[in-house]
Amino acid sequence: MSTTNSATAAWLTQEAFDRLKAELDHLSGPGRAEIVQKIEAARQEGDLKENGGYHAAKEEQGKIEARIRQLTALLRDAHVGESPADDGIVEPGMLVVAKIAGDEETFLLGSREIAGDSDLDVFSEKSPLGAAIVGHKEGDKLSYTAPNGKDITVEIISAKPYAG
């Protein structure tokens, strides 16, 4: 993974980048227009202090604006690249199966945004677990110190590119 000046840069597949860019384009264009119409329609209903529709629309507007800021920052700082090589070496964009403290777990290493709407567990490569396993390969055994101070043992069972 290449580095940038940003400590928060995320690795994204081209597909994930395109999906997020389309979401950003919608929210900052038609999405904003829709919420402005909802607010205006609710405002026409009268007293704003007791207008539930108005307050709900303003809350929705706040959520949309927050998501626009989140997507803008993510896409601005993202590293967009091909899926990682299928060489068994753990890196962002890999679906990892590992035995962690004795329990087998399957998770995606990278950004939650890569996984989209799946219910797959995701660990950032900057998390304690992610930082410990990046660069290791199938069969490696290691340990890392968790935020609570405990040493956690990890065995990498497999690492395959995430197909989404």
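1. Which residues of H1 are buried? In this predicted model, the buried residues of H1 are Ala16, Leu20, Leu24, Leu27, Gly31, Ile35, Ile39 and Ala42.

2. The length of H1 can be checked against its residue count. With 30 residues at 1.5 Å a residue, H1 should span 44 Å, and the 41 Å between its end C-alpha atoms agrees with this. The expected figure is 1.5 Å times one less than the number of residues.

3. Next, the packing of the two helices. Two packed helices are described by the angle between their axes and by the distance between the axes. Here H1 covers residues 14–43 and H2 covers residues 52–77; their axes cross at roughly 160° and come within 9 Å. H1 is therefore roughly antiparallel to H2, since angles over 145 degrees are counted that way. The crossing of H1 and H2 is left-handed. Sorted by class, the residues in the contact of H1 with H2 are 14 nonpolar, 5 polar and 9 charged.

4. Leu75 is a residue of helix H2. Its relative accessibility is 11%, so Leu75 counts as buried, the cut-off being under 20%. Leu75 and Lys21 are 54 residues apart along the chain, yet their C-alpha atoms are separated by 7.4 Å.

5. Gly88 is found in the loop between strand S2 (79–81) and S3. Is Gly88 buried or exposed? Gly88 is buried, because its relative accessible area is 5%. Between the C-alpha atoms of Gly88 and Gly46 there are 63 Å, with 42 residues separating the two along the chain.

6. Please check the backbone at Ala101, where phi is near 50°, a positive value in a residue other than glycine. Ala101 sits in the loop that runs between strand S3 (94–100) and strand S4 (103–109).

7. Glu105 belongs to strand S4. With a relative accessible area of 28%, Glu105 is partly exposed. The C-alpha atom of Glu105 is separated by 8.9 Å from that of Asp121, and the two residues are 16 apart along the chain.

Notes: Residues are numbered from 1 along each chain as its sequence is written. This is a predicted model: local features need pLDDT of at least 70, side-chain atom pairs count only at pLDDT 80 or more; totals for chains, interfaces and linings use all residues. Side-chain values use heavy atoms; hydrogens and water are left out. Axes are lines fitted to C-alpha atoms, for helices over the stretch in contact, and angles run from 0 to 180 degrees between N-to-C directions. Helices (H or I, at least four residues) and strands (E, at least two) are DSSP runs, numbered from the N terminus. Angles under 35 degrees count as roughly parallel, over 145 as roughly antiparallel, 65 to 115 as roughly perpendicular and the rest as oblique. A crossing is left-handed if the near helix is turned anticlockwise from the far one by less than a right angle, and right-handed if clockwise. Ala, Val, Leu, Ile, Met, Phe, Trp, Tyr, Cys and Pro count as nonpolar, Asp, Glu, Lys and Arg as charged, and the others, Gly among them, as polar. Buried means under 20% relative accessible area, exposed over 50%, partly exposed in between (1.4 Å probe, protein chains only).
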